[in-house]
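Please open the model in your viewer and keep the selection tool at hand. The tour below goes from one selection to the next and says what is to be found at each stop.

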Amino acid sequence: MFDVRTVEAGACCEQERDSADGAMSMTARRRRAFQRQACLLSVLAAFSLGLALGVFVPLIGISQAASKGSIVVDGGGGAGEHAEPQPALQALHHPAHQMPHFPTIDDIRSEDGPRSRYASVSFIAEEKLGGELADVVFHPKLEVDSFAERKLPSPAASIVEQMLAGSSKMAGAAPALERRESRASKLEEPEREATVEGVIQEGIYWGPSVERALPVGFDRRQSESWARYLREAEVERLEIGCGRMQNRLLVFRDGTRACARYRQNTDQIQGELFSFYLGQLLNLTNLAPSAASIIDPEARLWAAATEELAGAQWKPTKPVVITKWIGNLEPAGIPQPFRPLERHLNRFDVRNITEGLDRPRDGVRRLLLDRLAPIRDIPSGTPATPPSSTSPPAQPPSPEVLERLVELAQWSDLIVFDYLIANLDRVVNNLYNFQWNADIMAAPAHNLARQTDSALLVFLDNESGLLHGYRLLKKYEAYHGLLLDNLCVFRRSTVRALEALRDASVGQRLNALFERTTTAQIRDVLPPLPEKSVKILVDRIDRVLGQVQKCRETFADR
C-alpha cells in the first residue's frame with residue numbers, strides 16, 4: 001500500500017525541480033548568446049582599429065610631415081649669414097631621393113663628358129695577373145686595322161675548337177696567323193667545311209669516305225637466301241641460349257646455327273618480324289636475316305627435334321621467329337656524343353672529331369680565357385699573312401677517326417630506326433634507368449652488339465617495336481625523342497627511303513612483304529600489322545623527316 005500523501009509530495013518536488021532546471025537552462029542560453037555577441041563586437045572593433053591605423057594614420061602623418069617640411073626658419077643675422085635649422089626640424093627633414101644616372105652609349109662616346117666616370121668595359125680588367133694568365137688582356141675596342149694583327153676564331157667554330165686553338169706554343173707568327181681567321185675576312189668568304197675529305201656533305205649527310213668505310217652487313221639477298229634455306233633445312237637439336245628463357249639455340253644438320261624466338265603473346269612475334277621488314281624497306285643492313293615459322297612436329301623442319309620441342313614446352317601451331325646466328329659479337333657501348341652530358345651530333349661535332357678536338361690533349365689543362373687571348377710575342381715588324389681565298393687541300397681521315405665516324409654513322413641509323421618502331425629495349429632502357437644509376441650510360445647498350453671482325457653494329461631483339469612500344473608511348477615518348485631531337489647527321493640512303501615510304505603506303509608495303517615471305521599456314525596464326533600501328537608509324541616517319549628538314553635549315557651549306 002502506498003501513502004497517497006507521500007506520492008503527492010514527491011510529485012510536487014519533481015515539478016519544482018523541473019521548473020528550476022528550466023530557469024537555469026534559459027539563463028545559460030542567454031549567457032552564451034551574450035558571449036557570442038561580445039566576441040563579434042570585439043572582432044569588429046579590432047578590424048576597425050586596424051583599418052584606422054593602417055590607412056588614416058599614415059595619411060595624417062604624411063600631411064603633417066609635408067606641412068612641417070615647408071616651414072622656413074628666419075635667421076636673426078644679416079643677409080650674409082645662413083640660419084641654422086632647428087634640431088627638431090633636422091630630424092624631420094629627409095634629403096630628396098635622387099635616381100642614379102646610368103651611363104648611356106652617348107655618355108661614353110662623348111668627348112666633353114666625364115670619361116673618367118665611364119671607363120670602357122673589359123672582359124677582364126687590364127691588370128697584371130699572376131700565373132699563366134699574366135699577359136691575358138681583353139681589349140673591348142677592336143680597330144679595323146688591328147684585325148690583321150689579331151685574328152679571332154671563326155664564329156662557326158665550336159667552343160671546343162676555341163678552347164684548344166692555343167694549346168701549343170706557336171713556332172712563328174706567320175703560321176699562327178694563318179690558323180686564325182679574321183672577322184673581316186669571315187664576312188667576305190663563305191664558311192669553310194672541315195678539312196677532311198668526304199666526311200660531311202651538304203651539312204647534314206655522311207660523306208662518301210664514311211659511306212665507303214661502312215661494313216657490308218646483311219642485305220636483302222641474304223635475307224631471301226635465309227628464308228629459302230629454312231624451307232629445306234632440318235633442325236637436329238635445341239639448346240638453351242639466345243637470351244630469354246623461352247628462346248632456344250637451333251642447331252641444323254649441316255652445323256648451321258640460329259636463334260629461335262618463342263613467345264606466348266603473338267604481338268612480340270609480330271613486332272620482331274615487322275621491325276625486320278621495316279629495316280629492309282629502309283635499306284638497313286644491321287638486322288640479322290630473320291624468318292617466321294610454325295611449330296609443327298610433323299613438318300620437315302622440326303621432325304627430328306620433337307623431344308626437344310616438348311622439353312622446351314613449345315606448343316604446336318605457335319609462331320616463332322628464326323634469326324641467323326651471328327658470331328664474333330661483343331657488347332657495344334653508347335658513343336660519347338649520345339651520352340647525357342653531350343647528347344648531340346651535328347656537323348660541328350663531326351668536325352671536332354676529325355680534327356681531334358673532342359679529346360683532351362696531353363698537357364692541355366688551360367683556361368678558356370687563355371684560348372681566346374690575342375696572339376703574343378709577335379714582332380711589330382712582322383707583316384700579317386692575308387687569309388687565303390682557297391680552302392686547304394682535303395685529306396682523308398685517319399684510320400682511328402674513320403673508325404669512330406663509321407660507328408656514329410651506324411648510330412644515326414639506329415636512332416632513326418628505334419624512334420620509328422618505338423623500341424624500349426635498347427637506348428631508351430639506359431635513358432630511363434639513368435635517373436637511378438648515373439653510370440648506366442657508360443655501360444653497354446641493351447640488345448646492341450658489335451661484330452669484332454667488321455665493326456658492324458647488330459640491332460638485336462626488336463620485339464617491342466611497332467606494337468608493344470606504341471602502347472607505351474605516353475610514358476616513354478620523351479625518351480624516344482631525346483636522341484632524335486639532337487641528331488643532325490643522317491645517311492642519305494636512309495632519308496631517301498623514308499621519303500619513299502612517306503609518298504607510298506608504308507602499311508601496304510609491309511604487309512606485301514609479309515605475304516611474300518610467309519606461307520598460308522603462318523598467316524593463319526600470325527595477323528598482319530594492325531592499321532592503328534600503321535598510322536602511328538606514318539606519323540613518326542613525318543616526325544623524322546621534319547627533324548631532317550630542321551637540320552637542313554640550320555646546318556646545311558649556303
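Begin with the cysteines: a search of the whole structure, which is a predicted model, finds two disulfides, a disulfide being counted where a pair of cysteine sulfur atoms lies within 2.5 Å. In general terms, such a link is a covalent bond between the sulfur atoms of two cysteines. Counting the bonded cysteines along the chain, the pattern is 1-2, 3-4.

Select C242 and C259 next, whose sulfur atoms are 2.0 Å apart in a disulfide. C242 lies in the loop between strand 3 (235-240) and strand 4 (248-252), while C259 lies in strand 5 (residues 257-262), so the pair ties together parts that are 17 residues apart in sequence; helices (H or I, at least four residues) and strands (E, at least two) are DSSP runs numbered from the N terminus. Because the torsion about the S-S bond is about -75°, this disulfide is left-handed. C242 is partly exposed at a relative accessible area of 22%, and C259 is likewise partly exposed at 21%, where buried means under 20% relative accessible area, exposed over 50%, and partly exposed in between (1.4 Å probe, protein chains only).

Move on to C488 and C551, which are joined by a disulfide with an S to S distance of 2.0 Å. C488 sits in the loop between helix 16 (473-484) and helix 17 (492-503), and C551 in helix 20 (residues 531-555), so this link ties together parts that are 63 residues apart in sequence. The link of C488 and C551 is left-handed, with -70° about the S-S bond, and both cysteines are buried.

For another cysteine, select C39, which counts as partly exposed at 46% relative accessibility.

Finally, colour by pLDDT, the predictor's confidence in each residue from 0 to 100: the mean is 74, and 62% of the residues reach 70 or more. Over residues 4-9 the pLDDT is below 50, and this stretch has one contact (heavy atoms within 4.5 Å) beyond near neighbours in sequence. Residues 113-195 also stay under 50, and for them the model has 126 contacts beyond four places in sequence.

Residues are numbered from 1 along each chain as its sequence is written, and side-chain values use heavy atoms, with hydrogens and water left out. In this predicted model, local features need pLDDT of at least 70 and side-chain atom pairs count only at pLDDT 80 or more, whereas totals for chains, interfaces and linings use all residues.
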